[in-house]
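Visitor: I would like to go through this model and ask what stands behind each term.
Guide: Here it is.

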Amino acid sequence: MTVVVLLGAPGAGKGTQAPVLAEQLGVPVLASGDLLRAAVAAGSPLGVEANRYMSRGQLVPDETIVRIFLQHLKGAGDADGAILDGFPRTQAQAEALDRALADHGDRVDHALYIEVPLEELVVRMASRRICSANGHVYNVATNPPRVAGRCDLDDSPLIQRPDDEESTVRARMAQQVPPLEEVADHYRTAGILTVVDGRRPIDEVAQALLAALTAGSGADPGPRR
Ligand code: AP5
């Protein structure tokens, strides 16, 4: 089982790159944001709770997201691994993930951190569009669809995410980047962190991430059980 954690501030390109890595490794993407947005759209109790935080750019409480995300990960148990997009995002989430994987003799194999300066992220979010059916990611400035307003892959209408408004984006950065740095340190200490420059064009970032997976990174964290 190969478990890859994709880290980065909001808008760094995790959702853009996760499918590329998933295809390469032949494993599914588990994205915490997509999971929460599906719950919001369904109007489930989780969705109602999560929306209170997401609409203000705040993190959903650890207890809630850990329970839901680890259930989701367990549900993907038949796969040969997974790309985790957006989870973990705090030290407590990282430790809960380590424990859940260790219960099955597994561990996080690679943590890939896509690094982009704050001001570039705010600009990116303003021109981001996602497809309403499956969340495929576009950017009207840097990665437009072939037909304006329609998804290349499923032809569904493209929409703007409600949390992409500039004030919410800035709240997301202020709230979410400091705990993310702690998560990066967690994996740096484990010797499995690779930092990739996310300012480069999408294809080049993908190549750098794939190269990091092929090369491995840092120290050997030891044998599996
Ligand atoms: P989530 O959906 O995970 O949002 P996020 O982490 O804020 O990340 P984004 O989806 O905004 O950005 P991304 O890095 O995927 O960038 P993208 O590829 O779209 O979470 C939403 C909310 O749910 C959170 O705010 C929180 O409330 C809650 N939540 C989720 N997980 C949680 C957790 N674990 N704990 C607690 N709460 C949680 O790219 C952005 C744009 O840039 C696109 O338009 C794209 O086309 C463009 N782009 C991408 N790469 C490049 C490039 N190299 N050059 C130019 N443009 C590029």
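Visitor: How do you know how far apart in sequence the contacting residues are?
Guide: Contact means heavy atoms within 4.5 Å. Among contacts between residues at least 6 apart in sequence, 72% join residues at least 24 apart. The model is predicted: local features need pLDDT of at least 70 and side-chain atom pairs pLDDT 80 or more, while totals for chains, interfaces and linings use all residues. Residues are numbered from 1 along each chain as its sequence is written, and side-chain values use heavy atoms, without hydrogens and water.

Visitor: What makes a residue count as buried?
Guide: A relative accessible area under 20%, with a 1.4 Å probe and protein chains only. Of the 225 residues, 47% are buried.

Visitor: What makes a set of residues a nonpolar core?
Guide: Its members are buried Ala, Val, Leu, Ile, Met, Phe, Trp, Tyr and Cys residues joined through side-chain atoms within 4.5 Å. The largest such core has 34 residues; Leu97 and Tyr187 are among those touching the most other members. Helix α4 gives six residues, the largest share. Beyond its neighbours within four places in sequence, Leu97 contacts residues including Val5, Leu73, Leu84 and Tyr187. A second, separate core holds 24 residues, including Leu21 and Met173.

Definitions and conventions:
Buried means under 20% relative accessible area, exposed over 50%, partly exposed in between (1.4 Å probe, protein chains only). Helices (H or I, at least four residues) and strands (E, at least two) are DSSP runs, numbered from the N terminus.
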